[in-house]
Each structure stands twice: as structure tokens, then as C-alpha cells.
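Q: I have a model open and want to learn how to read it. Can you take me through it feature by feature?

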Amino acid sequence: MEYSEFLPITLKEMQHLGWTQPDVIIISGDAYVDHPSFGTAIIGRVLESKGLKVAIIPQPNWQDDLRDFKKFGQPRLFFGVTAGNMDSMINRYTANRRLRSDDAYTPGGKSGFRPDYASITYSKILKNLYPDVPVVLGGIEASMRRVTHYDYWSDSVMPPILFDSKADILVYGMGEKPICDLAEVFLKAQSAAEALENLKDIPQIAYVVNSLKDIDKTNCTFLNSHENVLKSKVAFIDNFKIVETESNKHNAKVLIEQVEDKYLIINPHNTLMTTAELDAVYELPFTRMPHPKYKTRGDIPAFNMIRNSVNIHRGCFGGCSFCTISAHQGKFICSRSEESILKEVKQVVGMPYFGGTLSDLGGPSANMYGMGGQNTDLCVKCSKPSCIYPTICNNLVFDHSQLIKLYDDVAKIKGVKNIFIGSGIRYDLFFPKDAAKAKKYKVLDYAKIVIARHTGGRLKVAPEHCSDNVLNLMRKPNFTMFKSFKRFFDKECKDNGYRWQLIPYFISSHPGCDIADMAHLAIETKRMKYCPEQVQSFTPTPMTMSTAMYYTGLNPYTGKKVFSARSLEDKKLQNMFLFWYKPENRIPIIRMLKKTGNEELIKDLY
């Protein structure tokens, strides 16, 4: 594949295109993969589609003479900065705060090619080198750190990222609309200073001002100041509730947070992308390949994982407490047209690496495609974080017919031998209280089809825990629902002669979870003859409800105290219970159950 088919990442490539200066330069903590699953590629291609010259500096060296940051000179309009597809601290460190030995977004999977707090590091460098050139932050790291937040890795409360980074503008959430609006303002302005003055009404951006005298306060909500949050955990959770509530509204308010003598302004999120707008993004001329420069450096693991998958929608109305999706993508579903999806599948089939199997047709969840509220007026008035917890909303249309048809139509495409569903399936949609709706929306028909044709032998679901108290804090359904689905799955396999496995995901050390809860989870997995393989120790990530509980020790919505395993030793002990079947864990688990007064559980487990 020719270098000219990619956005330029070297000066030679830019000169080959006949450019003397890029309009926009994007700095990314990830290697450059020109694929719609990578944010840098999407934003680059979207800006390119507006006629702009976009260059990319992937994984620049921040420890030498900074030549990577200087190679293109300064852009005509602005720098864009992103840590990549993940928060850089999650990318670099484990839940036990140990440095990871690999990086899925780097050629060869090698670690060490991005700094801690990458958005801050990159932005500070640019501001030192080019103080007069605007810097726009974006991506998941900037998005989830847009307000005062708890940072697990430093065990401290950090200010909004615009203050530490010294950047000019922050784009939060999915950035196609706001980045285009920003570019338009920059193109019309006579100077960078004029542009920065004129972009303050753009939705889904944040910026800092010295005074509120020019801010229209009629549609504003004031957060507790950064200084008050540092002093009070109650102020922290009050801010969390405001931010979460506004994130889940159709028509949100402007948020204002004072930090020392300055003010952070966060404009409301954009209107939901239409199907046509989302289709247009995925139809941009992605090569669907890593840049050729990486050929000799080894495969990029993250690309290998998604290269044969197709994203069919954005958003998730699950509202799980530990998940960042609702704060970043939102709870309202935006789905692509079937025509657009089929077109992309045909592109995948034509790629040299395709071997006949689609690894996923999904998104943030597997089965929310085309779903939403029947009466949109009710949705406009609603600010609840979930449409399915504690029960399925009566207004939600969770019809699986479109998905069934989509799977069937994709299966007819020449070259497609298998379609597997790698995204998480929400089995809580399969058992509504209204049996008539279950039949009307073909939920069990969908489940049967997935089990029969699209599991790849192992179907992954995420009950997360078995304790009612922990599940309630997670905003996840009762464990009896997982048991119901397991019985359904086992019966389908038995009746049809399938030798498939149901693979559950579990989380240890989530707020509210103690040793007794972990022992009960171990007992439940033993009774169901599971030896868990894929487990996770809870990692607090900025701006989630679970993190608010972990840091404050309080439930934001009830004010009740919540226990959390905070020490690394306690987290390791909880995680050990998920591997109860390993001989080396038996004695430590028994010792811990005795120490915590839970002797009665020893017999059930061993």
C-alpha cells in the first residue's frame, strides 16, 4: 500500500503531497492506524474531508531534543492532542499500579512509547515550542478528565485537565461535530486570538476564562469549586451527580467550575449524530491498515484484534457505574444504516488479511442496535443514567428484529464464512417483565440465533458479580437473571448438540465488595462448574460513579457509606477468590475467611 494513501506522518511524505505547511497537526499516543476504530484516524479523515491538510505525529519522543514535535513546523490553524484510544495511565499501568510490559497500540506490542498523562505532557511541550499556536485536547483521556477528578495512580484529586496541560480548548465525547465546528471558526478568523474568542458557543467543548462577565448564566449550573472539592468529599460527589445528570440529558446545561481565580466553562454536548452523519464518517477513505512505516517493527495488537470487526452503533443505555461509555459516547444510541454496514463488510472481505471470519458486528454493546425510546418527548425529559436498570424502561423499544436481519444479510455476502459477536451481550434485555414485549421484540429469537450461529464456541457475557449489594452499586441486574440465561443457554446447547461454552466476566474489589461477597462469588462459580479465566480487579477511572464511591467512601445518591478494598494487598486478596480452584490459593483463602469471621463459608467452597 502506498504511503500517499495515508495522512502524512513524516516531512518527506508531506513534501511529496506538495504541501508547505499542514493546516492541522494531530499528536497521538498511539501508532497511526488508518482505521475507523482509531480516534486519530477518524478525526484526521473528517478534517481532511473538509478540505484541510492534516498531518499526524504518532507517539513522538518526549525525552530527547523534541525533534518529532518540530518536524512539520507549526500548523496554520491548530494542534490537536490526544493520548490515544485509552487513558494513558490505564494503558501504562495495571490495577496494582505496576508498569505494564506491553502496549497494544504500539508496533510489536512494546511499552515505553508514550508518557504518563500523555495529553498533559504533549500539550505542555507544544505550548513551550509554539506558545502562540492553539492546542485542542481530545480523546478519552481529555474527555474523562474534563472536570476536577480523582486520579487513582497518584491517589490524588487533580484539577480539570485544561489547567495542568495549558491547552486552549478541550473537545469531549465523540469529536467529529465539534472539531469541524472549531475548524470552521479558525478558518474564518484573521488570527488565533480572534478564533479563540469566537468559538465559545460551540457545543461539546470546554475552555477557561478569567472572568464570567461575558458568560450568559441563564442556562448554567455551577459546580463546587476545585478548592472546595479538595476540602470536601461531599462536594466531590455533588459535582459527580451534576456532571452525570447533565451528561444523560438531551438538553444539557453549561457547567462552570472555578479553579483558583479562573473559570472552566463546559458547553452542553452536541445533538445526537444522525444515521446519515454517522454513515458519512465510516465511508471516509480509510485504508484500514497501519501506516507502512511500521512494517519492520511488528504487528500492532490492537489492530489485529479489531481488523475483522465492524462497528454498527455508538452509545450505551446500560449505565454501568464503572463504565466510561455514558460519560464519553452518551446513553442515546446512534446507529448506522444497514447499507453502510454492508458496504464496510464488503471492504473488510476485500482486505488481504481477511480469512472469512468477522470477529464482531457490534459496538459498546452487542445488542442495542437501532434501539431507543418510543416517545422521544419522554426521553427529552429523562436524565436517568440507565434505560434498563433497575428495570427496563416502559418507553424503551428493544426490538432485536433489525439485528437478526442484519446478521442474515451480512451472512449472504460472498466471502463471509462466519460471523462472531465479540461485543458484550446484554442478557438483561432477554427477560423483561412483560412477556408480550419479549415475544414482540424477538429477544429470545435473537439469543437462539446468536447461540446457534455466532458464538465461535464461546459466548461472553458480563454478570460482574453475584452479590445483590455489589450489583446494585454497579447498576447491574440481579444474579438470578444470569442464572436464567445460563439455563437457557445450556438447554439450547443440549437440545441442538452444541458444545459451546458460556464465559462470564467478573470484577473483584469493586466498591461495596468485601471478603464475604468474594467468597459467595467463588462458591457460585464452583456450583456452576466455572473456573474463571477472564477476571478484572476494579480500576478506578476518572468520572465514573464507581470511582466516586472508591474515593469518597460514599454512595453519591444515598450518602450511605460504601466499603472499598483500597490497599493493593486487599485488592490482591479479593482477586484471589476468583481463582479459588488453584491449589496454592486454598490455604490463604481459608485463612482469610477465618480472620474475617466467615468460617461458615469454608465448607461450601472447599
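Q: How many helices and strands are in the protein?
A: This is a predicted model. The protein has 26 helices and 24 strands.

Q: How compact is the protein for its length?
A: Compare the radius of gyration with the globule rule. Along the principal axes, the C-alpha atoms fill a box of roughly 75 × 60 × 50 Å.

Q: What share of the residues counts as buried?
A: Buried means under 20% relative accessible area. Of the 606 residues, 57% count as buried. The accessible surface comes to about 25,900 Å². Carbon and sulfur atoms hold 50% of that surface.

Q: Where is D151, and is D151 buried or exposed?
A: D151 is found in strand β6, residues 149-151. D151 counts as buried, at 0% relative accessibility.

Q: Which residues does D151 touch, beyond its neighbours within four places in sequence?
A: D151 is in contact with Y117, R145, S156 and M158. Now compare sequence and space. D151 and P540 are 389 residues apart in sequence. Their C-alpha atoms are 7.8 Å apart in space.

Q: How many positive and negative side chains does the protein have?
A: Count both sets, then compare their centres. There are 78 positive and 65 negative side chains. The centres of the two sets lie 5 Å apart.

Q: What should I expect of backbone angles in general?
A: Most residues other than glycine have a negative phi, and most peptide bonds are trans. Look for the exceptions.

Q: Where is there a cis peptide bond?
A: A cis bond joins Y389 and P390, with omega about 0 degrees. P390 sits in the loop between α16 (376-381) and β20 (396-397).

Q: What is the phi of Q204, and where does Q204 lie?
A: Q204 is not a glycine, yet its phi is positive, about 70 degrees. Q204 lies in the loop between α9 (192-198) and β9 (205-209). With 8% relative accessibility, Q204 counts as buried.

Q: And what about R475?
A: R475 is not a glycine either, and has a positive phi of about 60 degrees. The loop between α20 (468-474) and α21 (479-496) holds R475. R475 is buried, at a relative accessible area of 7%.

Q: Which residues of helix α25 are buried?
A: List the buried residues, then look down the axis. In α25, residues 583-595, the buried ones are N585, I589, I590, M592 and L593. They fall within an arc of 165 degrees, so they line one face of the helix.

Q: What is on the other side of α25?
A: Here exposed means over 50% relative accessible area. E584, I587, R591, K594 and K595 are exposed there.

Q: What do the buried residues of α25 pack against?
A: They pack against three helices, α22 (515-527), α24 (568-577) and α26 (600-605).

Q: Which residue with a positive phi follows α25?
A: G597 does, with phi near 75 degrees.

Note on methods. Residues numbered from 1 in each chain as written. Predicted model: local features only at pLDDT ≥ 70, side-chain atom pairs only at ≥ 80, totals over all residues. Heavy atoms only, no water. Helix = DSSP H or I, 4+ residues; strand = E, 2+ residues; numbered from the N terminus. Rg over C-alpha atoms; globule rule 2.2 N^0.38 Å. Buried < 20%, exposed > 50% of the residue type's maximum accessible area, 1.4 Å probe, protein only. Areas by Shrake-Rupley, 256 points an atom, 1.4 Å probe, with all protein chains shown as cover. Lys, Arg positive; Asp, Glu negative; His and termini not counted. Charge placed at Lys NZ, Arg CZ, Asp CG, Glu CD. Arc of directions from axis to C-beta. Contact = heavy atoms within 4.5 Å.
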